[in-house]
Structure formats: C-alpha cells, structure tokens
Amino acid sequence: MDAAATAGLTGRRVLLGITGGVAAYKAAELARLVVRSGADLRVVMTDSACRFITPVTLQALSGNTVYTDMWDPAVPNNMAHIELSRDRDVIVVAPATADFISKLAHGLADDLLSALCLARECALAIAPAMNRQMWDHPATQRNAATLRADGVTILGPVAGDQACGETGMGRMLEPGEIFAALVALAGPKRLAGKTVVVTAGPTFEPIDAVRGITNLSSGKMGFAVAQAAAEAGAKVTLVAGPTMLPAPPGVARRDVVTAREMHDAVLALVPAADVFIAVAAVSDYRVVAPKSIKLKKEAGPPKIELAENPDILAAVAALPSPPFCVGFAAETENLRENAQAKRKKKRIPLLAANLAQEAFGREDNALVLFDDAGEHPLDRAPKIDLARRLISHIAGMLEQRGS
Ligand code: C5P
C-alpha cells in the first residue's frame, strides 16, 4: 500500500458494519487500518458477526462503543438506526454475507445494521464474502446487480481458497484492498480539478458493409479506469470503441468505431486534459478502401489492402505540452521486457502491463505498473479494484511532480 493511502482517511467518519461470516476476523485488521489512517471509526455488528468475533476486540481497536442492538438505550432518542449513520462519510460492510446482501437489495431493515444502511445519506460499500456457490447463485447475482444499480459500491469478491475447503469466487478482498477502495470512495479527491481522458474497448475497421477487423477487448478495464478516475474527483471523458457496457456514473462518453475516429476524438479532447489513459485495444491496421456493400462469396476471397492506423497514445505523448500519459500493454510473453521497451518507445511516464491470455473478457486481472522508479506489481483482483490502485498510483506521481 502506498504512503498516501495509509494517510488517506484523515478526519473522515467511517462506519464499519460486520456481518456473520468467517472473514469477520479480517474486519479487525480493516478497523486497525482505518483508525491508523486518521479516521473516526464506529463499528456496528450483527448478532451472527458476534459469533465469529467479539465486540470487545472492535471496541479496543476503534476506541469507540460497538453497537449491536437496534434498541440500545445508550443511543440518543433510542433512534440507533438513524443516529448512528447520520454523521458518517461512508459505511463499509465487511464481510457482507449473502443473507445481508439479499436484505440490502430488498430494503429489509430488521436489525440495526440493515436499518441504518437503509436510513443512510452517505456512501455505502460492501465487501461480499461467502461460499462460491452462494456467490454464483443467480439470486445473489441479481441482488448484487440491484445494489450496483442503487449506487452501492461492491468491493470484490475474489477467487481463491475458501474457509469451507472449496476454491472459487467468493473470497473477501484483503483488508488492505478494502481500505484502498475506501480511500478512493471517501478519502480526499486526489484528482479533484483534473481533467482525464480515457480510451476503452476495441476499434472496428470495416472491410465491407458487414465485415471488419477488430481486436479482442471487452472494454471492462477501460471503463473501470474511467470510473476510478471519476471517484477520485476528476472530470472524465471516456472515448469508447464498440462495447455493450454502460458508462460509469458521472463520466462523459464519446462513442467511436474506427481508430481514426478515436484518434480525432482524443486529439480534440487532450489539449484540455491533465491526464490521458489509453486503455483501448486499437486496431493497428485499417482497410484502405472498405466497400459500402456486402462482398459476395462467389467473387472469391477478396484482396484486402491494409494501411497503418495512427498510434493515438504516441501522438498524444508527442504533443508539445502533453498531458500525463499512461499506456496499457497486453503481452502474451516476456511481459517485463516488452512493457519497458513499449514505455520507452512511446515516451510515456507510466505503463500498465498484463498478460493478454489472463485478462481478456474476465472480471479480474493482474497488472504490473512500470515507471521511472521501476516496477510495481498489482496482485490479481477485480478490474475496478486494480483501476482504483492505478489511479492512486497516478495521483501519487502527479503529486510528486507538483511538489
Ligand atoms: O503498441 P501497442 O498497441 O501494444 O500499445 C498499446 C498501448 O498503446 C495502449 O495503451 C493502447 O491504447 C495504445 N495505442 C493507441 N493507438 C494505437 C495503438 C495502441 O493509443 N494505434
């Protein structure tokens, strides 16, 4: 975790909700990180959470009374479900069980924690933790989708070994990762006042009216990067090639199809940008003379003449006063050598590299960041978590440049 992140919640008021799962013991470490970063921490636990870890531990770590009871007479007006979240900047529920997620999605409020989540005004983040079948169950997936649409931030889960002895999706993010996400959500807006342009998705180069050349890219990583930059307070424009993904909240979107359209859109936007992050998988070549009708198979295989597309990232980096440029590299082998060579060739300060075969179309990824200081591996995690860590790294580099 970088130094800026450990100081990331100074003066913020956090409510940590703990529900009943084996990962509850990790909430103690999360509490420690939150307190150490200068936040005021209030903890609320469900009855089942108290079967896994005692309120005494959380009381000692938070330095505050731990609440478990809707009817606690110590809370002003006996209105614990309203009072306890009123002064908070953010609520994080970690671990969040399948049962608790289901309650949240349906607006149930039959215990203190679910009631105060319903009555809150502040941001809410949850870190699911459960057996892989419970996570994969369509009901849980529906509930998670409902919560996302309601604006709840879902942190993880990740794949890995589970307490039940099985291996799969459903492991809670590590406390350090949840903490980093909290900093992004409720911490200082480290990109406030900055304008960021992000490219995402593939481009599509027509051969004829129905066929074309494209690259494998779901757009998920670029959309996650745009979301993370917006969370950090930046004004973000996402220039997106053809994808089915919805734009993240608060992000302006420009849809393009071809590499040249993406190039023109980006070059019109970057004079006003502080940061340019090129995540798109841009087609290197285009068809010189695409046909406007559908070519007939009877005519035999067409001869297709290709021309090189402009390298958008290199073009932006070569501007007289370029924004801070970040590139992505998907390699299939020799990640380190190829990534460093690409960073030098395109003359960019930061490059995020991954192995293509481990990233495409997946919800998670692993990245290595390359900059002048060397390399910084970011362990496998959901793309949004990696995006937040990338944005935190960029913010750190910009802060260093400014000082
Ligand atoms: O050279 P390569 O395509 O591997 O470089 C990848 C990086 O360059 C990515 O950041 C990608 O978005 C960017 N790029 C670009 N325009 C191109 C090709 C790649 O902006 N024509």
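In which hand, left-handed or right-handed, does H2 pass H10?

A: H2 passes H10 in a right-handed crossing; a crossing gets that name if the near helix is turned clockwise from the far one by less than a right angle, and is left-handed if anticlockwise. A word on the ground rules: this is a predicted model, where local features need pLDDT of at least 70, side-chain atom pairs count only at pLDDT 80 or more, and totals for chains, interfaces and linings use all residues. Residues are numbered from 1 along each chain as its sequence is written, and side-chain values use heavy atoms, with hydrogens and water left out.

Back to the pair. Two packed helices are described by the angle and the distance between their axes. Helix H2 covers residues 24-36 and helix H10 residues 175-186; their axes come within 9 Å and cross at roughly 45°. Axes here are lines fitted to C-alpha atoms, for helices over the stretch in contact, with angles from 0 to 180 degrees between N-to-C directions. Helices (H or I, at least four residues) and strands (E, at least two) are DSSP runs, numbered from the N terminus. H2 and H10 are therefore oblique to each other (under 35 degrees is roughly parallel, over 145 roughly antiparallel, 65 to 115 roughly perpendicular, the rest oblique).

Who touches whom? H2 brings Lys26, Glu29, Leu30, Leu33 and Val34, while H10 brings Pro175, Gly176, Ile178, Phe179 and Leu182; contact means heavy atoms within 4.5 Å. By class, that contact has seven nonpolar, one polar and two charged residues (Ala, Val, Leu, Ile, Met, Phe, Trp, Tyr, Cys and Pro count as nonpolar, Asp, Glu, Lys and Arg as charged, and the others, Gly among them, as polar).

Now the sheets. Strand E1 (residues 13-18) pairs with strand E2 (residues 40-45) over six bridges, and Arg13 has Asp40 in E2 as its bridge partner.

Another open sheet has eight strands in the order E13-E12-E9-E14-E17-E18-E19-E20, with mixed pairing. Its twist averages 20° from one strand to the next.

Conventions:
Pairing = 2+ DSSP bridges.
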